[in-house]
Amino acid sequence: MARSLRGEVLNLYKNLLYLGREYPKGADYFRSRLKAAFLKNKDVKDPEKIKQLIARGEFVIKELEALYFLRKYRALKQRYYSDDDR
């Protein structure tokens, strides 16, 4: 694996690990699933396949961020608007 791809993979892993701290099912659940996903693909040598996997990981990051923003929005909405207002 090229040096730059290795760095990208490590950064992806670190970012996902950081985002997984607030996962709804718990950080330990997320960490174990993340580790399993990365170990499953540890033998991939093709740079194009690695780039595809990195792109998929970046998509997962966007999905997690959307999940967290939605959870934050729902909490704020619930805090400031009651069901009686409708």
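Biologist: Is Phe-30 buried or exposed?

Modeller: In this predicted model, the relative accessibility of Phe-30 comes to 11%. Because a residue under 20% relative accessible area is classed as buried, Phe-30 counts as buried.

Biologist: How are the rings of Tyr-23 and Phe-30 arranged?

Modeller: Tyr-23, at a relative accessible area of 23%, is partly exposed, whereas Phe-30 is buried. Their ring centres lie 5.1 Å apart, and because the planes meet at 45°, the arrangement of the pair is tilted.

Biologist: Which residues do ring pairs link into a cluster?

Modeller: The search of the whole structure gives three aromatic pairs. Tyr-23 and Phe-30 form a tilted pair, and ring pairs join these two residues and one further tyrosine into a cluster, whose members are Tyr-23, Tyr-29 and Phe-30.

Biologist: Which parts of the chain does the pair of Tyr-13 and Phe-38 link?

Modeller: With 4.9 Å from centre to centre and 80° between the planes, Tyr-13 and Phe-38 make an edge-to-face pair. The two residues are 25 apart and sit in distant parts of the chain, Tyr-13 in helix H1 (residues 3–19) and Phe-38 in helix H2 (residues 27–40).

Biologist: Which elements give two or more residues to the lining of the largest pocket?

Modeller: The largest pocket holds about 990 Å³ of space, and among the lining residues closest to its centre are Leu-16 and Phe-38. By class, the lining has 20 nonpolar, two polar and seven charged residues. The elements that supply two or more of the lining residues are H1, H2 and helix H3 (47–80).

Notes. Residues are numbered from 1 along each chain as its sequence is written. This is a predicted model: local features need pLDDT of at least 70, side-chain atom pairs count only at pLDDT 80 or more; totals for chains, interfaces and linings use all residues. Side-chain values use heavy atoms; hydrogens and water are left out. Rings of Phe, Tyr and Trp (its six-membered ring) pair if their centres lie within 6.5 Å; planes under 30 degrees apart count as stacked, over 60 as edge-to-face and the rest as tilted. Helices (H or I, at least four residues) and strands (E, at least two) are DSSP runs, numbered from the N terminus. Buried means under 20% relative accessible area, exposed over 50%, partly exposed in between (1.4 Å probe, protein chains only). On a 1 Å grid over the protein atoms alone, a cavity is a set of points where a 1.4 Å probe fits but cannot get out, and a pocket is an open set with protein on both sides within 12 Å along at least five of seven lines; lining residues have an atom within 4 Å of a point. Grid points are joined across faces, edges and corners, and a volume is the space filled by probe spheres set on the points. Ala, Val, Leu, Ile, Met, Phe, Trp, Tyr, Cys and Pro count as nonpolar, Asp, Glu, Lys and Arg as charged, and the others, Gly among them, as polar.
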